[in-house]
Amino acid sequence: MGAEEHKKKAPRKFKFAVITVSDTASRGEKEDKSGKFLVEELKKAGHERVLYKIVPDEKIEIIGAVVEAFERGAEVVVTSGGTGIASRDVTIESIRPLFDKELTGFGEIFRLMSYEEIGTAAVMTRATAGIIRSSGRAMAIFCLPGSLGAAKTGIRIILNEAGHVLKHGRE
């Protein structure tokens, strides 16, 4: 069965959470343009928001927000921020150990699309995605860089593939 056949059987709508990881936005020193954009795009596509949260670049805060999203019934989580290489960028280190399966292809496609937009600076992101399974449920997580440009690039992939990812994640 090809990708198109799988997509036909994938969920069309899902519950989602957006978690922004940013020290400055969590202190109210900067507006969270990326997180708000992601929420609006997912809502426009007909998906249901169960959580929108801004947390500082702290491992326990990030993990806590992911757990809260799961408890609220999120099927798809999109994080924004903390995917770079600065010492405070700990989103990947916080979330990757929770994955039952990592979707390395997401990061590769994201970097390819980013390269087409911003050139070789795309090597600086560690964007990734994965599936977390618990209590008989599966939750897809997509980790994006914090810029508005990254959110615009990432949401194109997410809106095309999140249902497909969920279908297989639930198997």
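## A walk through the salt bridges, pockets and loops

Lys-44 is exposed, with a relative accessible area of 64%; here exposed means over 50%, buried under 20%, and partly exposed in between (1.4 Å probe, protein chains only). This is a predicted model, in which local features need pLDDT of at least 70 and side-chain atom pairs count only at pLDDT 80 or more, while totals for chains, interfaces and linings use all residues. Residues are numbered from 1 along each chain as its sequence is written, and side-chain values use heavy atoms, with hydrogens and water left out.

**Charged pairs**

Let us stay with Lys-44 for a moment. Its side chain meets that of Glu-41 in a salt bridge (2.9 Å, N to O). The term stands for a side-chain nitrogen of Lys or Arg within 4 Å of a carboxyl oxygen of Asp or Glu. Because Lys-44 and Glu-41 are three residues apart in helix α3, about one helical turn separates them. Helices (H or I, at least four residues) and strands (E, at least two) are DSSP runs, numbered from the N terminus. Glu-41 counts as buried, at 19% relative accessibility.

Helix α3 (residues 33–44) also holds Lys-43 and Glu-40, again three residues apart and so separated by about one helical turn. Their side chains form a salt bridge of 3.8 Å, N to O. Lys-43 is partly exposed at 39% relative accessible area, and Glu-40 is partly exposed at 42%.

What do the side chains of Glu-93 and Arg-126 meet in? They meet in a salt bridge, at 2.6 Å from N to O. Glu-93 lies in helix α5 and Arg-126 in the loop between α6 and β5, so this pair ties together parts that are 33 residues apart in sequence. Glu-93 is partly exposed, with a relative accessible area of 38%, and Arg-126 is partly exposed at 23%.

By this rule the count of salt bridges comes to 13. Asp-23, Glu-58 and Arg-88 are linked in a network of them.

Is Thr-83 buried or exposed? Thr-83 counts as buried because its relative accessibility is 3%. This residue sits in the loop between β3 (76–80) and α5 (91–95). Its side chain is joined to that of Thr-125 by a polar contact of 3.4 Å. A polar contact is a pair of N or O atoms within 3.5 Å; within protein, one must be able to donate a hydrogen and the other to accept it, and residues adjacent in sequence count only if both atoms are side-chain atoms. Leaving aside neighbours within four places in sequence, Thr-83 is in contact (heavy atoms within 4.5 Å) with residues including Asp-89, Arg-126, Cys-143 and Pro-145.

| Pocket | Volume | Lining by class | Element giving the most |
|---|---|---|---|
| Largest pocket | About 210 Å³ | Seven nonpolar, seven polar, one charged | α6, four residues |
| Second largest pocket | About 160 Å³ | Six nonpolar, two polar, one charged | α7, four residues |

On a 1 Å grid over the protein atoms alone, a pocket is an open set of points where a 1.4 Å probe fits, with protein on both sides within 12 Å along at least five of seven lines, and lining residues have an atom within 4 Å of a point. Ala, Val, Leu, Ile, Met, Phe, Trp, Tyr, Cys and Pro count as nonpolar, Asp, Glu, Lys and Arg as charged, and the others, Gly among them, as polar.

The largest pocket holds about 210 Å³ of space. Of its 15 lining residues, Ser-114, Ile-118, Pro-145, Ser-147 and Ala-150 are the closest to its centre. Both α6 (104–118) and α7 supply at least two residues of this lining.

Residues lining the second largest pocket include Phe-106, Ile-109, Phe-142 and Glu-161. Here too, α6 and α7 are the elements that give two or more residues.

Leu-148 is found in helix α7 (residues 148–169) and is partly exposed, with a relative accessible area of 30%. Beyond neighbours within four places in sequence, Leu-148 is in contact with Lys-33, Ser-34 and Phe-37. From Leu-148 to Lys-44 the separation is 104 residues in sequence and 17 Å in space, C-alpha to C-alpha.

Most residues other than glycine have a negative phi. Ser-135, although not a glycine, has a positive phi of about 55°. Ser-135 lies in the loop between β5 (128–134) and β6 (137–144) and is exposed, at 68% relative accessible area.

Methods:
Grid points are joined across faces, edges and corners, and a volume is the space filled by probe spheres set on the points.
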